[in-house]
Amino acid sequence: MTEPEDIAAPYWRGAAEGVLVLQRCGNCGVVRHYPRAICSACQSELVEPQQADGRGTVHSWTVTHHAFDPRLADDLPYTLVTVDMREGVRVLGRLDGDTAPAIDLPVRITFAPGLDGTPVPHFVVEAP
Amino acid sequence: MSRASVVGVGETEYTKRSPRTALQHQLEASLTAIADAGLTPGDVDGVIPIGITGAPVEEYVADFGITDLRFSAVVPHGGASAVGALQLAGAAIAAGLCSTVLVPFGRNTSSGAKAGQRIHTMPQFHFVSEYERPAGNIAPAQLYAPMARRHMELYGTTSEQFGEIAVSTREHALLNGRGLMTRPITLADHQASRMITDPFRLLDCSLESDGGAAFVVTSPERARDLAQTPVDLLGSAMGHPDSPSSITQRPDLTRVGVAKAAALAFEAAGVTHADIDVAEIYDCFTYIVLCQLEDLGFCAKGEGGPFVEGGRLRLGGELPTNTHGGLLSQSHMLAVNHVVELVRQLRGTAGAAQVAGAETGLVTGYGDMGDGGVAILRKGTS
């Protein structure tokens with residue numbers, strides 16, 4: 001008996017290499033995130049990995065001033081941005097740099113180690 | 001026509017660092033609610049425990065000497081569970097499955113994990129746990145803050161408007177006698193309170209607290225023979241936001257589950273917004289009250305900021321809200337305390353915070369990432 005493949009494995013392989021990998025439905029072509037077992041539009045299990053363009057715009061954000069995990073005390077304050085990616089999905093990650101977040105601010109994704117070394121999205125502001 | 005009535009309510013003392021366990025709080029609040037109704041523990045034949053700290057129903061069967069438990073269930077929607085349990089109790093009674101349902105809640109958060117840890121034990125938060133927590137998105141305050149920020153950016157809603165909710169809720173807590181918070185606050189205090197996660201300051205956030213609260217539901221017919229003025233459940237509905245397990249992926253960050261439930265609840269109750277004399281609105285964070293007031297239809301989307309200004313939510317205002325002090329200033333009893341307070345208001349026994357002549361009221365729940373519940377209750381005739 002073989003172990004079932006984790007539906008999120010392509011995402012994590014991509015994240016480890018610094019690229020955002022989304023799911024694209026193999027039946028109807030709708031792109032989705034976070035990884036799910038079936039397509040929300042057509043319920044197909046068929047799925048292909050799709051490397052994202054990497055660019056998006058800020059949808060909302062929060063600037064955290066309290067260490068909800070003591071390991072984050074040295075990061076304070078840090079900005080978490082919710083980003084509309086060009087593929088129509090959203091990604092939440094850290095905003096790097098000194099630019100104040102604003103709706104529609106253009107950003108590009110990278111990845112860096114987060115808690116427990118898990119690769120997490122970071123965003124840098126795109127030059128206009 | 002009402003199909004169920006709330007006939008008993010009970011609360012423990014609300015404290016921090018309580019030496020009593022969650023189960024002790026649940027049992028004490030339950031016994032108080034049962035006695036308030038003029039019933040005995042063995043009269044209970046249905047139990048809907050609330051929350052992840054809820055003792056299994058078998059505990060109640062054994063401790064209360066229940067010889068014939070006919071109905072039990074769990075509503076898995078966090079802060080929306082109390083309203084969901086009220087709805088479910090009413091449905092079970094109307095269907096003839098049982099006659100008397102106990103809805104108990106109790107917690108000891110001082111000895112356990114804080115909210116930022118607790119949610120990651122719950123399966124509905126797994127996307128947050130897997131993909132967002134490693135980036136530092138950990139606690140409910142952080143999950144909801146982008147909803148509030150988006151609302152501010154789109155509609156010009158201000159921190160001072162959140163502060164008005166904090167101040168009026170605190171005023172009410174001081175009248176309650178049971179509230180954990182015992183000092184008045186001003187808008188300046190709110191603005192000076194430390195930033196937790198923008199735009200939420202400390203005084204935008206609800207309490208971590210210890211204690212228990214419970215209520216008892218039975219048929220309207222039986223209710224007329226019991227100890228208290230019955231409070232009838234006129235209508236209720238549950239609603240869930242789009243993308244209920246990921247706020248990040250939600251198409252409209254500024255709407256929550258009650259947006260889908262509100263019209264159904266008002267229609268079922270056969271009342272309009274103008275009929276609501278008092279409202280107990282789930283208040284885990286100030287903004288969540290403002291958002292629900294819009295989603296309930298008391299004002300249009302985007303108008304919640306101006307709506308809460310001018311004392312509208314205060315005693316004597318147009319829509320007295322969270323007259324007990326809510327989760328922000330009384331105690332975080334997952335809105336079981338909101339149901340208790342609404343019942344007291346409609347009985348006319350809410351003490352110094354009594355809304356004069358209150359006959360019809362509304363209570364909401366908000367759970368996890370925006371699951372919502374709305375129940376509309378009315379003072380019954382004995």
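Helices (H or I, at least four residues) and strands (E, at least two) are DSSP runs, numbered from the N terminus. The expected span of a helix is 1.5 Å times one less than its number of residues. This is a predicted model, in which local features need pLDDT of at least 70, side-chain atom pairs count only at pLDDT 80 or more, and totals for chains, interfaces and linings use all residues. Residues are numbered from 1 along each chain as its sequence is written, chains are lettered from A and ligands numbered from 1 in the order in which they are written, and side-chain values use heavy atoms, with hydrogens and water left out.

**View 1. Helix α14 of chain B, residues 336–347.** Is α14(B) enclosed or open? Of its 12 residues, 12 are buried, so the rest of the structure largely encloses this helix. (Buried means under 20% relative accessible area, exposed over 50%, and partly exposed in between, with a 1.4 Å probe and protein chains only.) The buried residues include B:V336, B:H338, B:E341, B:R344 and B:R347. After the helix comes B:G348, with a positive phi near 85°.

**View 2. B:V216 in strand β7 of chain B.** Look for this valine in the strand that covers residues 210–218. B:V216 is buried, and its relative accessible area is 1%. Which residues does B:V216 touch, not counting those up to four places away in sequence? They are B:S5, B:V6, B:V7, B:G8, B:A33, B:I34, B:L39, B:T100, B:V101 and B:L102.

**View 3. B:D295 in helix α11 of chain B.** This helix covers residues 286–295. B:D295 is buried, with a relative accessible area of 6%. Leaving aside neighbours within four places in sequence, the contacts of B:D295 include B:T254, B:R255, B:V256 and B:K301.

**View 4. Chain B as the setting for these views, with 14 helices and 11 strands.** For its 382 residues, a compact globule would have a radius of gyration near 21 Å; chain B has 19 Å, which agrees. (The radius of gyration is taken over C-alpha atoms, and the globule rule is 2.2 Å times the number of residues to the power 0.38.) The C-alpha atoms of chain B fill a box of roughly 55 × 45 × 40 Å along the principal axes. In chain B, 64% of the 382 residues count as buried. Of the chain B contacts between residues at least 6 apart in sequence, 76% join residues at least 24 apart.

**View 5. Chain A, with one helix and eight strands.** Follow chain A from the N terminus, and its elements run α-β-β-β-β-β-β-β-β. The C-alpha atoms of chain A fill a box of roughly 45 × 35 × 20 Å, taken along the principal axes. How many of the 128 residues count as buried, as a percentage? In chain A, 44% do. Among chain A contacts between residues at least 6 apart in sequence, 46% join residues at least 24 apart.

Note on methods
Contact means heavy atoms within 4.5 Å.
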